[in-house]
Amino acid sequence: MNVRNFSMLKMLKTSWRTFPRRFATKVTAVGGDEIGSGTGIGQITGRVRSSEGGPHKINTPSKEIVTHLPPLTDPLPNLPDAIYAEPLAESATTKVTTLVNGLRIASEPRYGQFCTVGLVLDSGPRYEVAYPSGVSHFLEKLAFNSTVNFPNKDAILKELEKNGGICDCQSSRDTLIYAASIDSRALESVTRLLADVTLRPILSEAEVNLARRAVSFELETLGMRPEQEPILMDMIHAAAYRDNTLGLPKLCPPQHLDNIDRNVLMNYLKYHHSPDRMVIAGVGVDHDELVEHVRKYFVEHEAIWMHEEMANLGPKQVDTSIAQYTGGLVKEHCEIPIYAAAGLPELAHVVLGFEGCSHQDPDFVPLCVLNIMMGGGGSFSAGGPGKGMYSRLYTKVLNRYHWMYSATAYNHAYVDTGLFCIHGSAPPQHIRDMVEVLTRELMNMATEPGREELMRSKIQLQSMLLMNLESRPVVFEDVGRQVLVTGYRKRPEHFINEIDKVTAADIQRVAQRLLTSVPSVAARGDIQNLPEMSHITSALSNSGRSLGRRLSLFK
């Protein structure tokens, strides 16, 4: 930069500070003892500080008329009152149609160009008692592969991408979900695709082998990750429902990888992908149009196993057993990888659980409020009250014991039972203390909650419910799951009102109900200092009566 340009910049800088501005504000000099007005600066600093060259100059609103338009605080003359849109009655209605073969179709209208359509099936690991565990894990990996009308996965993805769509398949312990979000004008295309994926999959040997490799890789990855939640959730369910229904593993055991082939998968699909075990749900679609397409592709066209000769192997019916809660201990002594980059120590993990209630139980909503009240998370979680920083596991555990690295409450609800548990992690040398701390918090659940604590938990649960339901895929899953179980959908207003009705006495009652069941314990890592199961059971038998701070719960 030459000397001339530098001189011009300096002149502009000086003139910018001193030249009067022809805007809606004017320069005002404020004395050292005066408080600035109009900008809030004086209210923040308390006074205007002086510096070399005189006091600072601040801008104050001008009273000069700079426009002939009326101020925004005055209503415009001759302007009619605004008429605001109101939700239509049909927009709050879930339409359900049952076809002659038992297939149910549920839909809700929703504004927007895109829709979410999919199937929710009464299928999952809980029905695999007569099969090698891991069938659902395989089916999740095999979803959206070659079918009778689509030669390969690329053809399916191309059909979706042509209409701006995406697809996904997820399995839980009692449901299997196939879903796609796509332009609502392509409703027939996505219905045809979903029918082929669920009723007419090819399941070639190459695809099954590829799925086997994907499952094997996922199991290896889980073993090398510091996060242990997927493994621990399998373990606590195995402890709570030993060798039955919900206690069967969601993750395919390594020893079963070679036992699952096309014959096993096809036999499972034949009995668990029947129309009476399906709900086709759509959000953002026309109900009559959806019913028409479903009749065409799900009823008029048969499933592949109806006209294909299959090996006469496996069970010939669906397991209808009711979950039997047993309680007990499942533990695995192993080395758990550490967060090398974060410098965190090796951690041992423990989950303590009790029998909860089903999502159709009258105590379901109070138990959800209790779960929010317990809350928790990781010791490095960010966020304010909306993230649960005022929950009991934060204020009474993570904020008091520096060696606790996580403490989180979970509430799993199923059609016939439930599981309430707390997962904690700490260095191995503190595992005994950690179990004692978690046991005390479980016992203290039965104490009467404070008015502010209860109100905060109820409002947080209501806000979480409503915020989640702003997402179209979440509404789809909610519609599908509710219609699958009850045949209809309860509106969000129903749950908001039920949450409002929860009292402190309800929280104490459901907490005492939990504590009367046999405890379930899952532990993984360096757990040689884990207390005996008999000691944990004995400590919890006090039914919520505190033993005092200085007395250890365990001998």
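**Strand pairing and salt bridges in a predicted model**

Me: What makes strands S13 and S14 a pair?
Reply: 3 bridges join S13 (residues 376–378) to S14 (residues 406–413), and the two run antiparallel. Two strands pair if DSSP finds at least two bridges between them, so S13 and S14 qualify. Strands here are DSSP runs (E, at least two residues), and helices are runs of H or I with at least four; both are numbered from the N terminus.

Me: What are the ground rules for the model?
Reply: This is a predicted model, in which local features need pLDDT of at least 70, side-chain atom pairs count only at pLDDT 80 or more, and totals for chains, interfaces and linings use all residues. Residues are numbered from 1 along each chain as its sequence is written, and side-chain values use heavy atoms, with hydrogens and water left out.

Me: How do you know that S14 and S15 pair?
Reply: 8 bridges join S14 to S15 (residues 418–426), antiparallel. Tyr410 has Cys421 of S15 as its bridge partner. S14 and S15 form a hairpin, with 4 residues between them.

Me: Why is the contact between Arg262 and Glu308 called a salt bridge?
Reply: The term needs a side-chain nitrogen of Lys or Arg within 4 Å of a carboxyl oxygen of Asp or Glu. The N to O distance for Arg262 and Glu308 is 2.8 Å, so the pair meets the rule. Arg262 lies in helix H8 (residues 262–272) and Glu308 in the loop between helix H9 (287–299) and strand S11 (328–333), so the pair ties together parts 46 residues apart in sequence. By this rule the count comes to 23 salt bridges.

Me: What makes Lys501 exposed?
Reply: Lys501 has a relative accessible area of 56%, so it is exposed. Glu498, at 27%, is partly exposed. Their side chains meet in a salt bridge (3.4 Å, N to O). Both lie in helix H15 (residues 492–501), 3 residues apart, about one turn of the helix.

How values were computed: Buried means under 20% relative accessible area, exposed over 50%, partly exposed in between (1.4 Å probe, protein chains only).
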